[in-house]
Amino acid sequence: NGILRGYTISYKAQGDSTLLTTFVTNANVRLTSLKPYTVYIITVMARTKVDGTPSDPINISTAQDVPGPAQSLRVIKATFKTITLTWQPPLMPNGVITQYQLAWNSSLTTNERFAEVSGLNVFTTYTFNVTAWTVVGPGQSTAVQATTALIPNVTGVSVTPLNLKTVQVSWIRIDIPSDGTIVGYNVFYTPYNNKNRQLSGISQFIIGDITQGVINDLIPLQLYQFSVAAVVSVAGQNYSGMLPLSGKNMVIYNPASTTTDISSVVLASSLIAELIGILLVVVVVVLVVLLVRRKWLKWKSKLQISGSSKRNDLAREDTVLCTNFSYAMAESQVNEQPAETIYQECHFIPMAETCLSNTNQIGNVVIANSQADTVVYEETNAIGETHFNNSAT
């Protein structure tokens, strides 16, 4: 139908609407810049002065090549000793993906799009690279950094005073991965001096997976800063969490004030401490006065006892301090009349009720001497009979 001038080659990737064409004068052609492992639809049309009729289309697949990079590599779980990662296939697989290789300090291969890496070091950052493979070989790798689980910061720290030297510290329990166990909490408390300078800190270990602990032996009215860190056991070894330097994970506590301004709290603490010092001085002075008074009273009591003993000796030597004389006339005895008292004399001394009584009635003579209810001497003479009784009780 005319002089053949050449051929028009038309082709497009399957599923793609873009049609590509090229004109050649030979009966064979090499198409380039095609996508690997892609089916192309190709038609050929001879050309004279006018275009001929296109041939029936043929489908030809390009060969496989190394794949493109895996997509969306990320960490979905991290414990103290393991990291689990997942990813998506390459946008350009360039063939059939036969495997994925995951590499870090070591490596593993898998046909899945996820992997769990175990046996890692605690609190350690790793770089993971995943690479897809075809029959041609590995493609371009994709990297991500991941760190084994850290011990979470303890939050919600609060302090409740129990007395001047004891407080109760409370906090919110932390959540940790399943391959760790909470063995306790370190409570750190740091005092401040009057110049608002932080002194060396002290720590106390509270055993157990609990949310409170008691801190003893604090300095009364001293400003303290409290913070808490969890202690976790992983594979038989204990690790402590990080201490917060500021913020909601620490608390400044002072029993003398509720203000959060440290300078105001320190000033209030200093004033109260001075008042307590003055009160202690007053108490010491009162105690000294009471002690001196007690010794003076004891000395005075000894003097009184000594004086009383001397008076008792004088009373025994002089048995006639009080005398009561009664005489009965002869007529009175005959007529049985009461005796007539014609003379009476008394001398009174302290603690003596009756010193001596002498009564003569119808021939009876009674002499009695008593000091402070103690009979010293008694004599009775009745019609020629004489009795002597000298007793002291």
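**Contacts, strand pairing, cores and salt bridges**

Beyond its neighbours within four places in sequence, Ser170 is in contact with Gly156, Val157, Ser158, Thr211 and Gln212. The model examined here is a predicted one, and within it Ser170 has its place in strand 13. With a relative accessible area of 17%, Ser170 falls below the 20% limit and is therefore classed as buried.

Strand 13, which spans residues 166-170, also belongs to the elements that give two or more residues to the largest nonpolar core, the others being strand 14, strand 17 and strand 19 (250-253). This core contains 28 residues, of which Val169, Trp171 and Phe226 touch the most other members. Its largest share, six residues, is supplied by strand 17. A further core of 17 residues lies apart from it and includes Ala70, Ile83, Tyr100 and Val144.

Strand 14 (residues 181-191) is mostly covered, eight of its 11 residues being buried. Strand 14 runs antiparallel to strand 17 (residues 224-234), to which it is joined by 10 bridges, and in this pairing Pro191 stands opposite Tyr224 of strand 17. Strand 14 also pairs with strand 15 (residues 202-207), again in the antiparallel sense, over six bridges; here Phe188 stands opposite Ser203 of strand 15.

The structure holds three salt bridges. In one of them, Arg47 is joined to Asp51, with the closest N and O atoms 3.3 Å apart. Arg47 is partly exposed at a relative accessible area of 36%, and Asp51 is likewise partly exposed, at 46%. Arg173 forms a salt bridge with Asp175, for which the closest N and O atoms are 3.6 Å apart, and the side chains of Arg173 and Asp209 meet in another, at 2.8 Å from N to O. Because Arg173 lies in the loop between strand 13 and strand 14, whereas Asp209 lies in the loop between strand 15 and strand 16 (212-215), the latter pair ties together parts that are 36 residues apart in sequence.

Most residues other than glycine have a negative phi. Asn94, although not a glycine, has a positive phi of about 60°, and is located in the loop between strand 6 (83-88) and strand 7 (99-103). Its relative accessibility of 12% lies under the 20% limit, so Asn94 counts as buried. Phe123 is likewise not a glycine and has a positive phi of about 55°; the residue is found in the loop between strand 9 (114-117) and strand 10 (125-133). At 31% relative accessibility, which lies between the limits of 20% and 50%, Phe123 counts as partly exposed.

Notes. Residues are numbered from 1 along each chain as its sequence is written. This is a predicted model: local features need pLDDT of at least 70, side-chain atom pairs count only at pLDDT 80 or more; totals for chains, interfaces and linings use all residues. Side-chain values use heavy atoms; hydrogens and water are left out. Buried means under 20% relative accessible area, exposed over 50%, partly exposed in between (1.4 Å probe, protein chains only). Helices (H or I, at least four residues) and strands (E, at least two) are DSSP runs, numbered from the N terminus. Two strands pair if DSSP finds at least two bridges between them. A nonpolar core is a set of buried Ala, Val, Leu, Ile, Met, Phe, Trp, Tyr and Cys residues joined through side-chain atoms within 4.5 Å. Contact means heavy atoms within 4.5 Å. A salt bridge is a side-chain nitrogen of Lys or Arg within 4 Å of a carboxyl oxygen of Asp or Glu.
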